Amino acid sequence: MFIFEPETVEELEEKMLIPKGVYPFTVLNCKEKTSRSGNLMMVLTLEIFHENGTIYRLIDFLLATPEIMKFKLAKFCKYTGMEEKYSQGRLSDLDFNHRSGFLIIKHQIGKDDGVKRAVVGEYCDKSKANI
């Protein structure tokens with residue numbers, strides 16, 4: 001027999017989210033793929049470290065087009081020591097593996113399913129972190 005405290009699906013979803021904030025991260029893996037719109041993208045598997053010791057895994061996508069996505073790529077490169085490679089205009093998936101830095105987690109509602117998710121808002125400098 002299960003004995004437990006019942007919770008709604010919404011309560012459980014909220015508990016599973018990475019809280020909003022600034023966190024250190026490491027890229028565990030990066031793969032080149034093509035987006036639905038036909039653009040080349042880097043699919044990053046990130047390990048995110050919470051100050052309470054919890055380690056989260058999250059997928060993020062970096063693209064060089066359109067311009068709004070290029071900004072996120074530029075910030076990733078700036079804050080992970082890849083500025084010189086970025087300035088050459090050529091990056092491969094191997095360049096991203098094992099990079100580390102800081103990122104800002106925000107919450108976003110899924111367009112297709114309406115589910116709240118934790119996503120990378122941007123990559124940032126350590127000075128934005130309170131650690």
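1. For the classes used below, Ala, Val, Leu, Ile, Met, Phe, Trp, Tyr, Cys and Pro count as nonpolar, Asp, Glu, Lys and Arg as charged, and the others, Gly among them, as polar. On that basis the lining of the largest pocket comprises 17 nonpolar, six polar and 13 charged residues.

2. This is a predicted model, in which local features need pLDDT of at least 70 and side-chain atom pairs count only at pLDDT 80 or more, while totals for chains, interfaces and linings use all residues. Residues are numbered from 1 along each chain as its sequence is written, and side-chain values use heavy atoms, with hydrogens and water left out.

3. The protein chain holds four helices and five strands, taken as DSSP runs numbered from the N terminus (helices H or I, at least four residues; strands E, at least two). Their order from the N terminus is α-β-β-β-α-α-α-β-β. The C-alpha trace spans about 60 × 35 × 25 Å along its principal axes.

4. Of the 131 residues, 31% count as buried, that is, under 20% relative accessible area with a 1.4 Å probe, protein chains only. The chain exposes about 9,000 Å², of which carbon and sulfur atoms supply 54%; the areas come from the Shrake-Rupley method with a 1.4 Å probe.

5. β4 and β5 run antiparallel and are joined by eight bridges; two strands pair if DSSP finds at least two bridges between them. L103 stands opposite Y123 in β5. Six residues lie between the strands of this hairpin, where G114 takes a positive phi near 70°.

6. A pocket is, on a 1 Å grid over the protein atoms alone, an open set of points where a 1.4 Å probe fits, with protein on both sides within 12 Å along at least five of seven lines; lining residues have an atom within 4 Å of a point. The largest pocket is lined by 36 residues, with I59, D60, F61, Q108 and V119 nearest its centre. Two or more lining residues come from each of α1 (9-16), β3 (55-63), α2 (67-79), β4 (100-109) and β5 (116-124). Its space is about 1,200 Å³, a volume being the space filled by probe spheres set on grid points joined across faces, edges and corners.

7. The second largest pocket has a volume of about 270 Å³. Its lining numbers 15 residues, of which M42, L63, A64, L73 and L91 are closest to the centre. β2 (40-49), β3 and α2 each supply at least two lining residues, and β2 gives the most, with three. By class, this lining has ten nonpolar, three polar and two charged residues.

Note on methods. Buried < 20%, exposed > 50% of the residue type's maximum accessible area, 1.4 Å probe, protein only.
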